[in-house]
Amino acid sequence: MRQKSHLLFHQKIQHQVFKDYLCDNCGKKFQNQGNLNQHQKAIHEGRKDYACNKCAKTFRDQGYLLDHQRVVHEGRKDFACDKCEKKFGRKPDMLKHQMTIHEGRKDYGCDKCEKKFGIQSNLKQHQKVVHEGRKDYACERCGKKFAQKVQLIGHQKTVHEGRRDYACDKCEKIFKHKRTLVIHQKTVHESRKDNACDAREKKFVNKERSRRLQQVVHAVTKATVNFVCAVPYRVCKTMSNDIDTKCLMKLKTWRDNVNWTIEEDRHRLLRQMFPLIRHWKGQLPNLRDIFEKDEIDWFLAESLKAKYSDHKNELLPLVEFLIKTGYKDEPSVDKDGKPLLRCTTPVHLAARRNLRNKHTLVRELFKIYDRFDVNYSDESGLTHFHVACMAGFAEIVQNYLELGQDPNFSFHPPLQLALFSRDENLARLLLMHGADPNFTDADGSTLLHNICKRDDGDHVAKLFFRINDEVGREVRLDAADDKGNTPLHLALDYGMRATTELLLRHGADPNLADPAGYTPLHIVCMRADADDFARLFFEICDEKQQPVLVDARDEMGRTPLRWAVARLLVNTVDALLDHGADLSDFDFPTESQIAASVKSYESKHLLHFKLLLASSVLSILESLEKRGYELERSNALILMKLFPAYGLFEVPCKYVQFYKMLMNKSKAIKVRPELSLHDLIQLRPRQAVKLQLTCRDYHELARTAKFHKLPRKQCEDLFVHLCEKMSRRFFKRWALDTFMELTSYRVPVLCCEMIIEPLMNQELYRICLAAEDKCRRR
């Protein structure tokens with residue numbers, strides 16, 4: 001020790017000369033009765049009787065409350081250091097500052113390394129973090145752990161809330177941490193470097209960098225004066241070994257004084273045990289000499305509950321203490337001597353709880369419950385074997401399997417748990433020991449069915465097929481669950497593109513229908529977000545030489561083509577027609593079916609919604625008519641009614657406005673290599689027809705992401721203008737026939753064309769409506 005006074009104080013306090021007041025709960029000694037009473041009330045009873053009337057904070061001592069109110073709420077710092085300008089709210093903080101900063105005293109040395117500290121709390125924090133490896137404070141959002149609560153709060157403020165609370169008063173910079181602000185002000189605004197190297201003239205802003213230079217580069221050592229304690233170090237450190245006997249007697253006394261039938265008594269005993277376990281030194285007891293098996297199991301189970309495990313890190317030390325005592329679980333047996341397996345153990349409880357150090361805790365519990373021929377099961381059917389699979393403990397799983405454990409369970413198949421956690425080695429181990437890849441659960445679903453329902457099903461399916469191919473296990477691809485769905489149905493229904501491709505390439509049947517009559521091709525044509533998948537579906541089936549029933553009908557008589565037309569899937573319609581879809585008996589979708597599909601477009605709030613809708617409708621019609629389909633007037637009116645319903649008709653006065661705004665920017669967007677959007681806007685409808693610009697060209701333009709650079713308001717007017725130009729031929733054709741019918745064919749065709757030519761699409765639509773009204777009146 002550096003000073004003799006420190007030695008004398010050490011001998012008085014540490015060697016039982018001056019501490020005559022003993023705590024019955026933990027064995028700690030104090031100098032007077034007041035300190036002992038305060039310790040028992042605050043530590044063992046957890047009482048904080050003094051509440052701040054300005055905030056919700058509570059304190060165990062009135063002095064702490066007064067300090068808090070004066071410093072926090074009144075902002076007072078009455079104690080100033082006479083050697084620097086720093087001020088403090090409490091006098092002990094000022095004295096610690098002077099002792100550690102100005103006097104350089106470090107009176108608290110670590111007994112496990114050579115490091116020394118000026119404040120005892122810093123020593124305790126060092127031992128907890130460095131030597132015990134404890135990080136008791138975990139972030140709820142990202143799981144990162146911290147040794148101090150203040151570090152956790154700072155992490156949440158700066159990382160998750162993005163706060164920068166420290167602004168420089170001399171420039172505009174703001175910082176996340178106060179220390180960064182102080183360094184910035186010293187270096188940038190004051191040009192200070194207060195920490196100089198003793199061996200060289202070099203100076204540093206950061207004291208830590210100066211210290212490292214001296215240690216590493218110059219190997220500077222400080223001479224110290226040591227006052228040696230008269231009691232040898234080992235004797236001094238182990239003088240408290242007799243506390244083992246006291247703790248053992250205390251533990252037995254506590255147990256004898258507990259009425260186990262009273263829950264409150266049991267909980268009081270458990271609270272008393274925690275500090276005793278922490279401070280136990282020397283030889284550990286055999287707990288079976290003090291407690292029954294059921295009582296020890298109760299301690300473990302109750303420790304997992306919120307009031308012990310959520311706010312205190314006591315649970316893992318309790319488990320470690322049991323392991324060090326050599327405690328092992330011994331199963332209860334029935335009258336025939338067979339183990340009773342229906343039992344909820346701490347392993348089950350830990351697996352179901354969201355604990356801070358759950359993975360480590362479960363592994364430690366398996367050191368107590370290490371009978372791998374005994375597989376405990378709770379009331380829901382969760383077994384220890386399940387828990388080992390969920391945690392990915394391959395060595396524990398192997399121990400169970402080697403002792404004859406069946407890897408197939410109807411409740412949460414272990415193979416499924418391994419795959420869902422993407423543990424390839426564990427899944428392979430289970431398959432090699434007889435796990436059935438086609439095992440069905442209570443709903444008739446195989447593992448492949450359940451994979452197809454997951455968000456990460458594509459990744460799990462790849463792993464599943466690869467491992468089964470390696471092990472040589474056959475997978476039933478076309479198994480149907482209780483609802484009649486195959487894995488291929490589910491993969492398509494849940495939008496699992498990669499999984500669908502894997503199933504088809506492994507030989508899944510593309511023509512099996514579910515109870516509603518839907519084949520996989522029906523489901524492809526029913527998904528509004530899978531317009532590009534039909535062509536891939538056909539390509540894979542062609543490669544596998546697997547014929548596809550293109551014209552299969554569901555229970556309502558609807559073909560895949562009708563579903564694709566109703567869903568406005570342009571590419572899917574083309575793929576079906578290219579593969580021979582029959583148009584001779586094609587039933588055009590109803591107005592309500594198309595309207596439902598349009599809502600799915602509109603719900604996405606797409607900027608180019610109007611152009612995409614109009615181009616999809618007319619592109620599908622264009623494809624159908626190329627294959628010989630003849631559209632009836634009633635069906636044409638269904639399509640026409642979409643234009644006024646969704647604002648697809650152009651207002652003439654807006655053309656000049658948006659054209660001036662977009663004149664320069666539209667030149668950079670190409671419709672074709674030889675045709676820009678600017679040129680297309682200038683073209684008259686008759687000129688666009690001469691260029692053989694099809695509705696499909698407009699559809700491809702609508703699907704591109706080239707419009708984000710254009711102003712939003714002008715884009716909406718532009719899309720309506722393009723809709724007007726694209727649909728001109730469609731409306732003119734039907735309006736001409738209708739107009740001639742309304743005039744009873746008394747006006748020559750050329751005259752009718754001249755009358756119709758200057759009309760806008762909205763006026764042509766009204767002509768068609770007039771003819772429909774005339775037909776109804778008949």
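This is a predicted model: local features need pLDDT of at least 70, side-chain atom pairs count only at pLDDT 80 or more; totals for chains, interfaces and linings use all residues.

Modeller: The chain has 778 residues, 42% of them buried, and its secondary structure comes to 40 helices and 16 strands.

Colleague: Why is α38 called oblique to α39?

Modeller: Helix α38 (residues 728-742) and helix α39 (residues 749-756) pack at an angle of about 130 degrees, and their axes are 10 Å apart. Roughly perpendicular ends at 115 degrees and roughly antiparallel needs over 145, so α38 is oblique to α39. The crossing of α38 past α39 is right-handed.

Colleague: Which residues of α38 and α39 meet?

Modeller: From α38 come Arg728, Lys732, Ala735, Leu736, Phe739 and Met740, and from α39 come Val749, Cys752, Glu753, Ile755 and Ile756. By class, that contact of α38 with α39 has eight nonpolar residues, no polar ones and three charged.

Colleague: What makes α31 and α38 oblique to each other?

Modeller: The axes of helix α31 (residues 633-640) and α38 cross at roughly 130 degrees and come within 12 Å. That angle again falls between the 115 and 145 degree limits, and α31 and α38 are therefore oblique. Here α31 passes α38 in a left-handed crossing.

Colleague: Which residues of α31 and α38 are in that contact?

Modeller: In α31 they are Arg633, Ala636, Leu639 and Met640, which meet Phe730, Phe731, Trp734, Thr738 and Glu741 in α38. The contact of α31 with α38 divides into six nonpolar residues, one polar and two charged.

Colleague: Why are α26 and α28 called roughly parallel?

Modeller: Helix α26 (residues 533-543) and helix α28 (residues 570-578) pack with their axes 7 Å apart, at an angle of about 30 degrees. The label needs an angle under 35 degrees, so α26 and α28 count as roughly parallel to each other. Ala534, Arg535 and Phe538 in α26 meet Asn571, Thr572, Asp574, Ala575, Leu576 and Asp578 in α28. The contact of α26 with α28 holds four nonpolar, two polar and three charged residues.

Colleague: What makes Ser744 and Tyr745 stand out in their backbone angles?

Modeller: Most residues other than glycine have a negative phi. Ser744 has a positive phi of about 55 degrees and is not a glycine, and Tyr745, also not a glycine, has a positive phi of about 60 degrees. Ser744 is in the loop between α38 and α39, and Tyr745 lies in the loop between α38 and α39 as well.

Colleague: Why is Tyr745 called exposed, and why is Ser744 called partly exposed?

Modeller: Exposed means over 50% relative accessible area. Tyr745 has 55%, so Tyr745 is exposed. Ser744 is at 43% and therefore counts as partly exposed.

Colleague: Where is Asp493 found, and is Asp493 buried, partly exposed or exposed?

Modeller: Asp493 is found in helix α23 (residues 487-493). With a relative accessible area of 47%, Asp493 is partly exposed. Asp493 and Pro520 are 27 residues apart in sequence, and their C-alpha atoms are 8.9 Å apart in space. Leaving aside neighbours within four places in sequence, Asp493 is in contact with Ile523 and Arg527.

Colleague: What share of the chain's contacts spans at least 24 residues?

Modeller: Among contacts between residues at least 6 apart in sequence, 59% join residues at least 24 apart.

Note on methods. Residues are numbered from 1 along each chain as its sequence is written. Side-chain values use heavy atoms; hydrogens and water are left out. Axes are lines fitted to C-alpha atoms, for helices over the stretch in contact, and angles run from 0 to 180 degrees between N-to-C directions. Helices (H or I, at least four residues) and strands (E, at least two) are DSSP runs, numbered from the N terminus. Angles under 35 degrees count as roughly parallel, over 145 as roughly antiparallel, 65 to 115 as roughly perpendicular and the rest as oblique. A crossing is left-handed if the near helix is turned anticlockwise from the far one by less than a right angle, and right-handed if clockwise. Contact means heavy atoms within 4.5 Å. Ala, Val, Leu, Ile, Met, Phe, Trp, Tyr, Cys and Pro count as nonpolar, Asp, Glu, Lys and Arg as charged, and the others, Gly among them, as polar. Buried means under 20% relative accessible area, exposed over 50%, partly exposed in between (1.4 Å probe, protein chains only).
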